[in-house]
Amino acid sequence: MILSEIARIDPTFGLVPWVVLLPIIGLLLNVLIGKRLGELGIGLIASLASGASFVISILLMLALGHTHGPVTVSFLDWITAPGFTLGWNFRVDTLSVTMMLVVSGVGTLIHIYATSYMHSDVRYNGEPSRYRRFFVFLNLFIADMMLLVSANNYLMLFVGWEGVGLCSYLLIGFWFEKGKDGIGNALAAKKAFIVNRIGDFGVLIAIFILFTTFHTLDFDGIFSKVQLNAPAFQGVILAVTLFMLLGVTGKSAQLPLYVWLPDAMAGPTPVSALIHAATMVTAGVYLVARSNALYVAAPAAQAAVMWVGALTALFAATIAVAQFDIKKVLAYSTISQLGFMVAAVGMGAVTAAMFHLITHAFFKALLFLAAGSVILAMERGYETSEHGHTGNAEEFDPQDMRNMGNLQRRLPWTFWTYLMGALALSGIAPLAGFFSKDEILTVASLTSPWIFVLLILAAFLTAFYMGRQIFLVFFGQARSEAAGNASESSAVVLVPMVILAILSVIGGVLNLPGTTFLEKWITQTVAGKPDQFVLPLAVTSFALALIGLFMAWLVYGIRKPLAHPGEPDPLAPILGKVYNGMQNKWWVDEVYQVLFVRPYQSLSELLAQPVDLGAIDAIGNEIGSSIRSLGNGLRRWENGFVRSYALTLLIGLVVILAYLMVK
Amino acid sequence: MVPISYYLGLSAILFVTGILGVLLRRNALVIFMSLELMFNASNLLFVAFSAYYKILTGQIFVFFVMAVAAAEVAVGLALMVAIFRTKHSVDVDQVNVLKG
Amino acid sequence: MSSGVIIFGVLAIVAVASAIGMLISQNSVYSALFLVVNFSVIAVLYLILGAPFIALAQITVYAGAIVVLFLFVIMMLGTERLTGSGPIRGQRLIAILVGAVFLAEVTVFLIWRSGLTGVITPSATDLSTPVSIGNALFTTYTLPFEATSLILLVAVIGAIVLTHPEQSISRKQTLKTVQKKETRG
């Protein structure tokens with residue numbers, strides 16, 4: 001619809017291009033005049049850009065409340081070729097607006113948090129001038145994510161998809177000269193990008209197949225054709241959905257392409273919170289939700305999605321149990337919760353998945369922000385302790401939980417918000433996570449018992465490792481001087497955390513069993529399985545969560561664990577070899593290294609040295625040197641002797657005469 | 001009663017001998033003399049054709065060729081003398097400063 | 001074999017022999033003398049071809065003036081004995097080869113392709129009497145004639161300029177000495 005028609009329906013819809021353009025304007029302003037504005041100005045512009053996007057998203061939501069149905073706003077024509085036109089069209093429907101609200105809402109809170117976090121972080125790392133760059137990239141991310149969720153066709157979605165991958169790379173490698181051996185962060189960023197690329201390959205092939213089959217990439221066009229005549233496109237749809245699944249495993253960190261997410265924790269904590277917890281990784285879930293019409297027509301693909309999600313959920317949860325880095329635990333937890341969401345969309349329960357997406361955004365972002373607060377506190381404690389000095393603090397890892405302890409007394413606000421987030425994640429009623437997780441478990445119990453078993457085990461482990469984390473970080477004795485000297489963070493850091501904590505607590509109201517707001521909202525766009533509430537199941541999952549927390553308390557809470565940082569984890573002797581596997585992430589990275597990375601590297605070296613340098617360069621060099629030797633040879637003719645010049649004249653004459661003779 | 005092709009052949013042989021003289025000898029004066037030989041060969045050709053076609057034009061041309069050849073020898077030898085003053089040699093191969 | 005051909009054959013052999021002799025002689029004076037022989041033989045050939053004026057002009061101008069000029073310069077510059085093989089590699093071989101090819105090509109063109117198979121018959125009256133040549137020079141070919149005179153003038157001037165010794169210093173010195181003599185005397 002062009003803007004004039006929109007004005008008749010509701011002029012608010014015409015605002016939708018601004019959700020992408022405002023963050024871009026914000027980043028351009030920061031690029032051009034940011035240096036002169038100082039840190040306060042930079043943070044203000046970035047947060048305002050993100051906040052303005054949020055405001056527009058709210059307006060769009062209210063407008064959708066009056067006017068039902070998807071509204072497409074065409075912005076400009078991108079590809080006009082004979083037989084195929086593609087425009088940059090925005091789609092305003094309940095699904096996209098929900099994502100817009102989550103991304104911009106949580107994004108704005110994280111922007112505000114980051115203004116203070118990065119202020120300390122750039123000073124801790126000794127490079128205050130890099131502050132502006134962070135906010136430029138962050139705004140770029142918001143713009144790309146908005147592009148992704150507001151797209152009306154697969155190609156624009158893919159543009160946003162790639163864009164957020166790029167921002168992820170840029171932000172993970174933000175401290176590109178730091179990390180293990182000085183290149184650790186850069187390697188992590190590279191890993192994220194390359195693994196994501198494999199997923200992007202899947203999405204691209206899916207888009208190609210869609211194009212050749214349907215000759216359009218618009219959602220409406222494809223879905224209507226599929227719904228009219230599903231059996232005609234069986235093979236095509238199966239191929240498309242499976243390739244999209246590859247993309248989902250890349251972007252949403254499922255088996256087998258999840259390996260980049262734990263390494264991505266090398267980026268600053270606001271990045272982990274925003275990109276790798278709340279928004280970018282949910283893009284895969286959004287893709288499947290959006291393509292629900294296709295997945296419904298391919299039950300085999302749905303089953304594949306379901307199994308991938310459930311297996312990932314359990315697999316990642318087992319690894320999270322034995323990790324020592326505070327952010328790595330949350331990273332694996334994210335992978336596990338994404339597994340829940342992916343399993344949910346695989347089972348067709350789109351509303352349940354979106355609900356869990358929203359609540360997960362709340363409490364996972366909160367957990368990361370609070371973890372960031374803890375890390376800041378540890379860094380502050382380190383600086384004020386005896387060994388503290390600014391700049392190069394590589395001998396001390398402020399993120400290692402073995403260095404923490406008893407932070408509950410020193411960081412009260414952080415503790416309480418962290419606790420809220422952890423309880424929500426574990427699925428304690430009546431916090432938000434309980435309702436959303438319970439819906440997924442209910443659907444699983446009705447769909448497939450195996451999936452249900454996997455998910456319920458994962459839920460149990462979730463409660464266990466979150467309890468473990470709480471007890472290790474906040475209780476017991478301070479295990480290092482830094483923990484003993486830790487101080488609470490500033491208000492700018494704490495206020496977003498508090499807001500997210502409140503949302504984590506009351507977020508369940510979005511889709512309570514009786515008044516299912518979210519279901520009614522989402523099903524306007526995508527028809528999924530209806531949400532059900534089975535009371536015995538709910539009680540069981542709640543009880544399991546409590547048992548998980550209790551067991552964590554038994555192992556880590558009662559005895560003062562890890563009195564010195566060097567002591568082994570108390571869980572290790574109990575589980576033995578299994579614990580070893582969990583701690584080593586089940587050696588997946590090492591297996592990938594042997595199976596894929598090293599052969600590929602040797603292939604690259606083979607192509608680089610003998611093939612490229614040896615053969616192809618040699619051809620070019622040979623041409624050059626042969627011409628040079630030709631020149632050398634010809635140079636000998638110019639010897640300055642008149643007689644040889646005369647001889648040349650004669651030879652020329654002879655040649656001409658010969659030609660005339662032959663003619 | 002001599003066929004004209006004989007004269008043509010003789011002229012060609014003398015001409016090529018003159019060319020070889022120019023190319024093979026290093027003494028500048030001998031090169032000049034070979035040049036005169038070439039002139040003469042072409043003069044012979046002109047006169048032979050003049051006799052063959054019974055017109056005078058060939059001989060007039062020979063007249064002019066002689067005049068110009070004389071002038072050229074005068075200037076050329078003066079040039080050789082001038083070069084000899086600096087180089088103290090009439091070896092043509094020693095004039096190779098334009099070597100590239 | 002008519003007598004004309006025999007005479008022509010003898011003269012041709014002498015001409016070619018003297019030309020080759022001039023070519024290979026190591027002594028420049030000998031080369032000049034060989035050249036005189038060649039010129040003379042060619043003058044005789046002119047006579048046979050019915051061009052007496054040109055024949056005598058040949059002897060006068062070429063053998064008489066030009067070769068004498070050559071001998072003057074040879075004597076003045078001294079006959080050097082230059083070694084046969086020079087600094088240019090392969091010049092000899094290539095020159096001889098190309099010369100042979102050239103000779104072949106020219107012969108092909110002149111004799112074969114031209115299709116001239118006629119015979120030169122001596123005419124009753126000579127073509128080039130001084131009267132006829134003078135007539136042609138001053139009527140039909142006046143312009144080339146005048147131009148040739150100009151060429152000769154230029155040649156004379158050029159020869160004098162090229163061989164004139166450097167006079168500038170001595171002229172100044174002469175002027176100074178003259179001035180000194182004037183002031184003194």
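How much area do chain C and chain B bury between them, and what percentage of it is on carbon and sulfur atoms?

Analyst: Keep in mind that this is a predicted model. Chain C and chain B bury about 6900 Å² between them. Carbon and sulfur atoms carry 79% of that area.

Now count the residues. On one side, 83 residues of chain C take part in the contact. They meet 72 residues of chain B.

Next, look at the polar links. Between chain C and chain B there are zero salt bridges. There are six residue pairs in polar contact, counting pairs with both residues at pLDDT 80 or more.

Which parts of chain C touch chain B? The elements that each give two or more residues are α1 (3-24), α2 (28-48), α3 (52-77), α4 (91-113), β1 (119-120), α5 (130-139) and α6 (142-163) of chain C. The largest share comes from α3(C), with 13 residues. By class, this side of chain C has 58 nonpolar residues, 23 polar ones and two charged ones.

Salt bridges do turn up in the structure as a whole. A search over all chains finds 13 of them. One lies within chain A, where the side chains of A:Arg123 and A:Glu39 meet at 3.1 Å, N to O. This pair links distant parts of the chain: A:Arg123 sits in helix α3 of chain A and A:Glu39 in helix α2 of chain A, 84 residues apart.

For comparison, turn to a pocket in chain A. The second largest pocket has a volume of about 490 Å³. It is lined by 21 residues, and those closest to its centre are A:Phe54, A:Leu101, A:Ile358, A:Phe362 and A:Leu503. Elements giving two or more residues to this lining are α2 (17-66), α3 (94-124), α15 (350-384), α21 (491-506) and α22 (517-522) of chain A. The largest share, seven residues, comes from α3(A). The lining of this pocket divides into 17 nonpolar, four polar and no charged residues.

Back to the interface, to sum up. Chain C and chain B share about 6900 Å² of buried area, with zero salt bridges and six residue pairs in polar contact. On the chain C side, 58 of the residues are nonpolar, and α3(C) gives the largest share of that side.

Conventions: Residues numbered from 1 in each chain as written. Chains lettered and ligands numbered in written order. Predicted model: local features only at pLDDT ≥ 70, side-chain atom pairs only at ≥ 80, totals over all residues. Heavy atoms only, no water. 1 Å grid on protein atoms, 1.4 Å probe; cavity = no way out; pocket = protein on both sides within 12 Å on 5 of 7 lines; lining within 4 Å. Points joined across faces, edges and corners; volume = space filled by probe spheres on them. Helix = DSSP H or I, 4+ residues; strand = E, 2+ residues; numbered from the N terminus. Nonpolar A, V, L, I, M, F, W, Y, C, P; charged D, E, K, R; others polar. Contact = heavy atoms within 4.5 Å. Buried area = accessible area lost by both parts, 1.4 Å probe. Salt bridge = Lys/Arg side-chain N within 4 Å of Asp/Glu carboxyl O. Polar contact = N/O pair within 3.5 Å; in protein donor to acceptor, adjacent residues only side chain to side chain.
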